[in-house]
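Please take a moment to look over the sequence and the structure shown below, and then follow the paragraphs with the picture in view.

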Amino acid sequence: DELDYMKLKASNGNIDHIFTLYEKYLYGIGVEQNYNEAFYWINKGVKLNDSLSLFHLGEMYLNGWGTPINYTHAYLLLTQAANANVSQAYNSIGYMYYNGLHVEKNIKRAYDYFKKGTHNNDLDAYYDLMTLLIEDNGDIEVDINTAHKYSSLLASKAHTYGTYYSAMLNHYKLSSLMMNCNTNVKLYKLV
């Protein structure tokens with residue numbers, strides 16, 4: 001059957017099939033969700049020195065999917081992936097700095113990592129930057145106009161939370177970039 005074929009190909013080092021199996025088990029696509037199986041398959045990608053696999057394995061350690069949470073190991077893997085220019089890894093490291101996971105909480109470093117994550121248009125990095133710019137955290141200056149720019153970009157990419165914030169920023173007139181009520185209603189309906 002198709003699943004057995006994928007497992008055979010993945011076992012022989014086919015990275016595409018490794019990722020397919022990883023995602024199938026991580027999200028329960030066509031199979032029962034099984035984090036342990038996802039963890040097994042993404043480890044195969046790491047053994048092939050695949051940088052995207054490093055990121056995904058780091059995420060598994062960060063979130064405790066198929067393995068106990070291990071922030072030290074997550075940070076190490078995510079740093080290796082970031083050094084290989086995997087933009088999502090920058091965002092995850094920023095998340096670790098924002099929350100003080102394995103590293104001392106540092107909002108400015110989180111901001112810098114989120115910013116690096118946007119270089120390859122990682123939407124989650126734009127979202128995290130946007131939220132930093134609208135909260136008064138004492139470390140990053142509130143910048144509603146830039147936050148609005150990021151939320152508008154996210155809304156244009158159908159990012160649910162970005163669309164919500166774009167409508168919210170317009171609704172409460174926190175941005176100097178005013179839009180009319182019909183546009184706000186349209187954005188809220190997209191959410």
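In which helix does lysine 116 lie? In this predicted model, lysine 116 belongs to helix α7, which is formed by residues 107-117. Lysine 116 counts as partly exposed because its relative accessibility is 38%, a value in between the limits of 20% for buried and 50% for exposed residues. If you look from lysine 116 towards glycine 13, you compare two residues that are 103 residues apart in sequence, and their C-alpha atoms are 31 Å apart in space.

Now turn to a pair of helices, α3 with residues 35-47 and α4 with residues 51-63, which pack at an angle of about 145° while their axes lie 8 Å apart. The crossing in which α3 passes α4 is left-handed. On the side of α3 the contact is made by Tyr35, Ala38, Phe39, Ile42, Asn43, Gly45 and Val46, and on the side of α4 by Ser53, Leu54, His56, Leu57, Met60 and Tyr61. Sorted by class, this contact of α3 with α4 has nine nonpolar and four polar residues, and no charged ones.

Within α8, the buried residues are Ala125, Tyr126, Tyr127, Asp128, Leu129, Met130, Thr131, Leu132 and Leu133. Since nine of the twelve residues of α8 are buried, this helix is largely enclosed by the rest of the structure.

Methods
Residues are numbered from 1 along each chain as its sequence is written. This is a predicted model: local features need pLDDT of at least 70, side-chain atom pairs count only at pLDDT 80 or more; totals for chains, interfaces and linings use all residues. Side-chain values use heavy atoms; hydrogens and water are left out. Axes are lines fitted to C-alpha atoms, for helices over the stretch in contact, and angles run from 0 to 180 degrees between N-to-C directions. Helices (H or I, at least four residues) and strands (E, at least two) are DSSP runs, numbered from the N terminus. A crossing is left-handed if the near helix is turned anticlockwise from the far one by less than a right angle, and right-handed if clockwise. Contact means heavy atoms within 4.5 Å. Ala, Val, Leu, Ile, Met, Phe, Trp, Tyr, Cys and Pro count as nonpolar, Asp, Glu, Lys and Arg as charged, and the others, Gly among them, as polar. Buried means under 20% relative accessible area, exposed over 50%, partly exposed in between (1.4 Å probe, protein chains only).
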